[in-house]
Amino acid sequence: MASSSSYSNPPCAACKFLRRKCLPGCIFAPYFPPEEPQKFANVHKIFGASNVSKLLNEIQPHQREDAVNSLAYEAEARMKDPVYGCVGAISVLQRQVIRLQKELDATNADLMRYASNTNPNLGYGRSTGFHQTNYGFSPNTTIWNNNPDQAADDDI
């Protein structure tokens, strides 16, 4: 007959994967819960359990969760893209930001052309004796500015 204490705490994903008993002071238990076995499997495959254990023991306890999350993210990225890992994902996102910035610049230019064609008395570039608001874009640029105070110097 098995003792009831063996069923009280299921082993963490790391100990279950490594087929060992999960002791109360297990370094992996707080970061690899039994509900997430693939998280540890990926980290183990890419970095190795011994290296992860050494890393966790060398860093401060308050930094361990972030370290494990970073390792898990990098391991998952390496599983998807063995050559570039998360650098490949970052590169894709950077290209997307550049493409979207160009699209935003073109849209702002179209908006400026539309605004100047529909109301030729806007007075951009001329002193009219009062401060005009251009809602974040300057007639001199086509880049969106989220700080209207910065653009205010160009509109007077």
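This report describes the helices, helix contacts and salt bridges of a predicted model.

The model is predicted, so local features need pLDDT of at least 70 and side-chain atom pairs count only at pLDDT 80 or more, while totals for chains, interfaces and linings use all residues. Residues are numbered from 1 along each chain as its sequence is written, and side-chain values use heavy atoms, with hydrogens and water left out.

**Overall architecture**

The chain has six helices and zero strands; helices (H or I, at least four residues) and strands (E, at least two) are DSSP runs numbered from the N terminus. Of the 156 residues in the chain, 28% are buried, where buried means under 20% relative accessible area, exposed over 50% and partly exposed in between, with a 1.4 Å probe and protein chains only. Among contacts with a separation of 6 or more, 44% join residues 24 or more positions apart, contact being heavy atoms within 4.5 Å.

**Packing around helix H2**

Helix H2 (residues 37-47) and H4 have axes that come within 8 Å and cross at roughly 75 degrees. Axes are lines fitted to C-alpha atoms, for helices over the stretch in contact, and angles run from 0 to 180 degrees between N-to-C directions. H2 and H4 are therefore roughly perpendicular; angles under 35 degrees count as roughly parallel, over 145 as roughly antiparallel, 65 to 115 as roughly perpendicular and the rest as oblique.

The axes of H2 and helix H3 (residues 49-58) come within 7 Å and cross at roughly 100 degrees, which makes H2 roughly perpendicular to H3. In this contact Phe40, Val43, His44 and Phe47 of H2 meet Ala49, Asn51 and Val52 of H3.

**Charged side chains**

The whole structure contains five salt bridges, each a side-chain nitrogen of Lys or Arg within 4 Å of a carboxyl oxygen of Asp or Glu. The table lists three of them.

| Salt bridge | Closest N to O distance |
|---|---|
| Glutamate 36 and lysine 39 | 3.8 Å |
| Aspartate 110 and arginine 113 | 2.2 Å |

Glutamate 74 and arginine 78 lie four residues apart in helix H4. Glutamate 74 is buried at 16% relative accessible area, whereas arginine 78 is partly exposed at 28%.

Arginine 64 is also located in helix H4 (residues 61-80). Arginine 64 is buried yet has no salt bridge, and the nearest side chain of opposite charge, glutamate 58, is 10 Å away.

Conventions. Lys, Arg positive; Asp, Glu negative; His and termini not counted.
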